[in-house]
Amino acid sequence: MGREFLLGNEAIALGLVEAGCEVVTAYPGTPSTEVLEGLIRLNRRDGLGLYTEWSVNEKVAFDVAFAAAMVGRRAATVMKQVGLNVASDSLLSAAYTGVVGGLVVVSCDDPGPYSSQTEQDSRLFAIFAKVPVLDPATPREARTLARQAVELSERHRLPVLLRPTIRVCHARQAVDAGPVEPGRRPARFVRDPSRWAATPTFRLKLHQELNDKLEAVRREFEAFPGNAVEEGEGDLGIIACGAAWGVVTDALGEMGAHPPVLKLATAFPAPLGLVGRFLSRCRRVLVLEEPDAAVEIQIPDRRKVLGRFTGDVPGAGELSADLVADLLGRHLGKPVPAPPSAVASANRPRLCPGCGHRAAFYAIRKAFPSAIYPSDIGCYTLGINQKAVDTVLDMGASISLATGFWHALGRDGSPPPIVATIGDSTFFHSGQAALLNAHVTGARFILVILDNGVVAMTGFQPTPASGIRGDGKGAPVADIRRIVEGIGIRFVETIDPFDVPGTRALLKRAGEHARAPDGGVAVVIARRACALQAPPLPRIPVEILPDLCNGCDHCLKFCECPGLVKEAGTGKVRIDHAVCNDCGVCIHTCPTEAIVQAGVPAIP
Amino acid sequence: MKPLQAVLCGLGGQGIVFATKLLAHAARLEGAEVICSEFKGMAQRRASVVSFLKIGDFASASVRRGGADVVICLDASELDQALSYARPGGVCVVNASADDPDVWNRSGPAGVSIRRVDGGTGRSSNLFVLGAAGLMEPETLRRALSEVSPSGALGENLEAFDRGLEAAAGFDGRRDGPGK
């Protein structure tokens, strides 16, 4: 047994494997992605023979893992917090049916948010779904709670949520670890339709069973090892949940303060006996948890409680070390000096030099400058920098919003052109259903599927078109073009977006199909490999002719490549060759043709 | 090793994750407890990245503004961000091109000293800056590098690190971390 320096997510993977999970599914999403990646590495390293799957979306991921739990195998499914929304239909039903083998749902929250559409709290979701939830404070604790979650789930026969936040998922800490023994348990489907196929009458009985299970879990949580009172002095007590406990502990250490602290790892059902006894010995209690008031809301008598409901803790944003130090300082009567203000960086995220999406967005803006541009979630969201992204709601919404814009705006006459963009992975995830709906309701718009062959933003996981399974084995492939044709779309064409003039012309034809009396949705598949996986070929080094550059900034605004740099003195643009990826796309973006292929004599 | 709170700032893609891992590994080789952060995703597409590294008996990786003993700034455009984390008496080491007059003439918040180095913009410029930062024994860092560096880049990384060490000798020859 040695010590390994593990990411919180890797520690969770270790805990799941140690607990004997044999089936683990996931959909990539920051900050959850490294759980399955870590598990795949462990699987390979120790020859465990586990089944691991990058599922098409989180609902499917949940269902596949749940089926394993139904037949008695321990299982887990992993997603980011908004992915839990996608899986929620299944989770809520599964809470009623219960499980046979332990089932853990790992849902990773993102207070901040750093990389998400919401700062929702998966612990509040657990209260709604009526499943227990554990909340680790550190990577080390995440490993322990992952294992305990599986055991808890099997002991009480219901799914259990594990809810790490990004500061646990993406922190590294030394963890005692060694080779893992594979888990192998007998598995069998036992027919029980009053449970697995329960109709409403049976659902009432299952609901009563669920309530009893939760009560049994609550009693267990009253003596859970991860919940602990740290003795201290003074009138003010602190209830610190999950990662907030770590920040509180360090802040109190720096301040030299020692109030009593109740550390809580079991967010729901909260151990109200333990909490109540802690409250009774304090005059006031400050509850620190994030991103929302999941424990605070369960406290029946909150007259002594300071938290989000009293406005003492902000209603949005991360519980940063600054904020916690300030809150503790003020409430403990040891105010800390005001920290330097937060700095808003001028550096926004941008598409990489050589990205095919950049070329596609440029062509879209040129072909349809006054269109509405519904878009979606992925690296290509950064097309917003090229003014070619108007909406980002959630996965798959680009297509359903395009449909809604068509029908809503079409009531007054002809709507403006609508050019929706979606990535290949997002299309598989939830674009398919939306496209089917668009087709059968007669909507008219252009859909550009930006196909770089991989789930890029999250770190290059395979897609259904990749032909590789999550466990590295070969797999049959799905083909986007055939799916689109199968839905009934009659205009589907594929093009390399680096051919900017060709893409513009194709988009125009697509627009004609969308407008024609006998037309319909027009799909353009813009296919070009991710630049980080495969640098652009052929290499087209470029240069800018200073005499032709008039400083109009068109390339900076609409091509928007990090390789294009404005010179402070002259106002002209030059190429930063340290950054340029030689894709040649910018050649097509200069109104005065000042950007040319390097080393090719200009045509007089 | 005595307790240390460090912050690394820069842009996604500049090797901050690697630099943080390297420092963490080196500290662990010296027997220290370490907890650090490692952010991924949207920020990695050239946006601002702030990474935390705490050496000692800490329960969380988070560092408060005005709380860092050392801040390492790999991109001069993030210097304001970097300086906001330094504590009075702390040090900020920033990679800035010698022709960037703004950075070379900037003064930091009261009590924070700024060390400017020109490590260039190449792939191993982050190693140059780490060499110049003087956070721990060079031999430990070299050993850590040989254990975590991608094999193809090890030679280049070690060379950049040694050049950074030489550049640091020009400050005040100190190798024992930030001033008081």
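The following legends describe close-up views of a predicted model.

Figure 1. The secondary structure of chain A amounts to 18 helices and 24 strands. Its C-alpha atoms occupy a box of roughly 85 × 65 × 55 Å along the principal axes. Of the contacts in chain A between residues at least 6 apart in sequence, 76% join residues at least 24 apart.

**Figure 2. Surface and charges of chain A.** The accessible surface of this chain comes to about 23800 Å², and 56% of that area belongs to carbon and sulfur atoms. Buried residues make up 57% of the 604 in chain A. Chain A carries 63 positive and 64 negative charges, whose mean positions are 3 Å apart.

**Figure 3. Nonpolar cores and the surroundings of Ile239(A).** In soluble globular proteins, nonpolar side chains tend to be buried together. The largest nonpolar core here has 86 residues, and Leu16(A) and Ile239(A) are those with the most contacts inside it. Apart from this core lies another of 45 residues, including Ala360(A), Ala363(A), Ala438(A) and Leu506(A). Beyond its neighbours up to four places away in sequence, Ile239(A) touches Leu262(A), Leu264(A), Val275(A), Phe278(A), Val285(A), Leu286(A), Val287(A), Leu288(A) and Ile299(A).

Figure 4. Pro31(A) is placed in the loop between β2 (23-26) and α2 (34-45) of chain A.

**Figure 5. Positive phi at Arg157(A).** Arg157(A) is a residue other than glycine, yet its phi is positive, near 60°. The residue belongs to the loop between α6 (139-156) and β7 (160-162) of chain A. With a relative accessible area of 43%, Arg157(A) is partly exposed.

**Figure 6. Phe460(A) and Thr463(A) in the loop between β18 and α16 of chain A.** In this loop, β18 covers residues 446-451 and α16 covers residues 480-487 on either side of Thr463(A). Phe460(A) has a positive phi of about 70° although it is not a glycine. Its relative accessibility is 29%, so Phe460(A) counts as partly exposed. Thr463(A) counts as buried because its relative accessibility is 5%, under the 20% limit. Leaving aside residues up to four places away in sequence, Thr463(A) touches Asp424(A), Ser425(A), Phe428(A), Gly453(A), Val454(A) and Val455(A).

**Figure 7. Surroundings of Cys92(B) in chain B.** Cys92(B) is part of strand β5, which covers residues 86-95 of chain B. The relative accessibility of Cys92(B) is 0%, so this residue counts as buried. Apart from residues up to four places away in sequence, Cys92(B) touches Val71(B), Cys73(B), Leu79(B), Ala82(B), Leu83(B), Val112(B), Ser113(B), Ile114(B) and Arg115(B). Between Cys92(B) and Ala110(B) the separation is 18 residues in sequence and 12 Å in space, C-alpha to C-alpha.

Definitions and conventions:
Residues are numbered from 1 along each chain as its sequence is written. Chains are lettered from A and ligands numbered from 1 in the order in which they are written. This is a predicted model: local features need pLDDT of at least 70, side-chain atom pairs count only at pLDDT 80 or more; totals for chains, interfaces and linings use all residues. Side-chain values use heavy atoms; hydrogens and water are left out. Helices (H or I, at least four residues) and strands (E, at least two) are DSSP runs, numbered from the N terminus. Buried means under 20% relative accessible area, exposed over 50%, partly exposed in between (1.4 Å probe, protein chains only). Contact means heavy atoms within 4.5 Å. Accessible areas come from the Shrake-Rupley method with a 1.4 Å probe; for residues, only the protein chains shown count as cover. Lys and Arg count as positive and Asp and Glu as negative; His and the chain ends are not counted. The place of a charge is taken as NZ of Lys, CZ of Arg, CG of Asp or CD of Glu. A nonpolar core is a set of buried Ala, Val, Leu, Ile, Met, Phe, Trp, Tyr and Cys residues joined through side-chain atoms within 4.5 Å.
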